[in-house]
There are 2 protein chains.
Amino acid sequence: MPDEVDLTTRRVRNPWGQGERLRTDILDAAVGLLSELGGEEALTIRGVARAVGIAPASIYQHFADKAALVRAVVEYDYERLSAVMREADESVEPDDAVGRVRAQIHAYCRFAIANPGHYRLMLGNRRLTGQEPGTRPRGPLLPIVEAVIAAFERCERAGKRLRLPSERAAVMVFVGTHGRVALYHSDRQGNGADRILPFVDELISLVFD
Amino acid sequence: MPDEVDLTTRRVRNPWGQGERLRTDILDAAVGLLSELGGEEALTIRGVARAVGIAPASIYQHFADKAALVRAVVEYDYERLSAVMREADESVEPDDAVGRVRAQIHAYCRFAIANPGHYRLMLGNRRLTGQEPGTRPRGPLLPIVEAVIAAFERCERAGKRLRLPSERAAVMVFVGTHGRVALYHSDRQGNGADRILPFVDELISLVFD
DNA sequence: TAAATCGCCGAACAATCGTTCGGCAACGGT
DNA sequence: ACCGTTGCCGAACGATTGTTCGGCGATTTA
């Protein structure tokens, strides 16, 4: 009897007929789990269901299986990262080409620091997402480095002298930044974060003459 | 009845009294699993036992628990990586300071390419090894970057002009290399490996004047 | 108002994991 | 020749995972 009461209250708390609402709730819960626990193993069907406040079985009404959920989360986060970098790019005055490079890279670092779980998930998602080798090289990542490439081309056009072709300079800075953040995440989290931005600044200055 | 026969043959195949032999067999099997499957989730007590040809329970005669096994594997591989880098360093003539830097970094890349599972394990082993945050920052890694630092100091002493203090240059090259390899591993494995060494060469040349 | 549909849930299933326990076969010492 | 020690094994336990199934209440349709 108390069970029915509990069920009723829950259903009042989560009224039906909201359509797509619950789907984004599930994605947000997954993102939250990834950010808090910080490990891809924290992303479980049961955990997400618990965080949302629904039954594990209900997840399957919105996602075919766990791989589909993970794919959606990864896609969602790539979009979030892209947005954050674009936003940072637009926050500096357009003529400051080097400043725009720095802003984008700094935004990348901040995102990676704030979302360790996502970061780990973006890498090595081959098994969880079920995509086999041989396919396109991590599709969602390409637009991000292309934004950095564009920023470096802007520098070149602005007369800044690069020690590398703009595309290679962009890849170099991006890869180096990625390596620094990955090393940070493999350590205990929290300490050393303040040394990341100076490092990438040093790295950026290295590709300029 | 046939079970007893099977048991007998197995015991003949794996005679007792060999002392420490089986312990290294277990470690080798773990290393093999990590290299083949390429994921830290492939490192299971049962899988290792199956690979060695013993019962899962027998593992606990050599390691207290799974965390101890993982710690031993990580330690073993750090040593192997150090040895490979040292060997590469000694394979070029001592006066070629830059060549020794390149040899060490190349050895690092080759190791990371050949042992993807180990690589993934060295990072983010916090959970598997059971060590909590706040401890020394990944102890075994320090000697490795110190070797690179020493190599760069040798370059400086040889009159090579660096655009960064030698220690920072070493960290920069190491971190960049690490990032390139991590990116390779997050992709499908196999493709793109031949572009890693050119990349690190370009990176190394960047820190020199 | 009766019927069909939709969204969710409780319960269970099979698989896998780390780990423990009691027992058995071979070896070394007496 | 006996016995304790050693090293291994089969079997099981408890926990957790992804996933499926039958059913039920609320909503919508006729």
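Me: Where does B:S166 lie?
Reply: B:S166 lies in helix 10 of chain B. Helices are DSSP runs of H or I with at least four residues, strands are runs of E with at least two, and both are numbered from the N terminus. The model is predicted, so local features need pLDDT of at least 70 and side-chain atom pairs count only at pLDDT 80 or more, while totals for chains, interfaces and linings use all residues. Residues are numbered from 1 along each chain as its sequence is written, chains are lettered from A and ligands numbered from 1 in the order in which they are written, and side-chain values use heavy atoms, with hydrogens and water left out.

Me: Why does B:S166 count as buried?
Reply: Buried means under 20% relative accessible area, exposed means over 50%, and partly exposed is in between, with a 1.4 Å probe and protein chains only. B:S166 has 9% relative accessibility, so the residue counts as buried.

Me: What is B:S166 in contact with, leaving aside neighbours within four places in sequence?
Reply: Contact means heavy atoms within 4.5 Å. With those neighbours left aside, B:S166 is in contact with B:F152, B:E153 and B:E156. B:F152 in turn has B:S166 among its contacts, along with B:V101, B:L162, B:A169, B:A170, B:V173, B:V207 and B:F208, again leaving aside neighbours within four places.

Me: How do you know that B:C155 is buried?
Reply: Its relative accessible area is 0%, so B:C155 is buried. The residue lies in helix 9 of chain B. Not counting residues up to four places away in sequence, B:C155 touches B:A97, B:V98, B:V101, B:K160 and B:F208.

Me: Is A:L197 buried or partly exposed?
Reply: At 26% relative accessibility, A:L197 counts as partly exposed. Its place is in helix 11 of chain A. Leaving aside neighbours within four places in sequence, A:L197 is in contact with A:H106 and A:C109. A:L197 and A:H106 are 91 residues apart along the chain, yet their C-alpha atoms are separated by 6.6 Å.

Me: Which residues of helix 11 of chain A are buried, and what covers them?
Reply: The buried ones are A:I196, A:F199, A:V200, A:E202, A:L203, A:I204, A:L206 and A:V207. Their cover includes helix 6 (97-114), helix 9 and helix 10 of chain A, together with helix 10 and helix 11 of chain B.

Me: Why is the pair of A:F152 and A:F208 called stacked?
Reply: Rings of Phe, Tyr and Trp (its six-membered ring) pair if their centres lie within 6.5 Å; planes under 30 degrees apart count as stacked, over 60 as edge-to-face and the rest as tilted. By this rule there are four aromatic pairs over all chains. The ring centres of A:F152 and A:F208 are 6.0 Å apart and their planes are at 25 degrees, so this pair is stacked. A:F152 lies in helix 9 (residues 141-157) of chain A and A:F208 in the segment after helix 11 of chain A, so the pair ties together parts 56 residues apart in sequence. Both A:F152 and A:F208 are buried.

Me: What makes A:R180 a charge over the ring of A:F199?
Reply: The rule asks for NZ of Lys or CZ of Arg within 6 Å of the ring centre and within 35 degrees of the ring normal. A:R180 lies over the face of A:F199, at 5.9 Å from the ring centre. In chain B, the charged end of B:R180 sits over the ring of B:F199, 5.9 Å from its centre.
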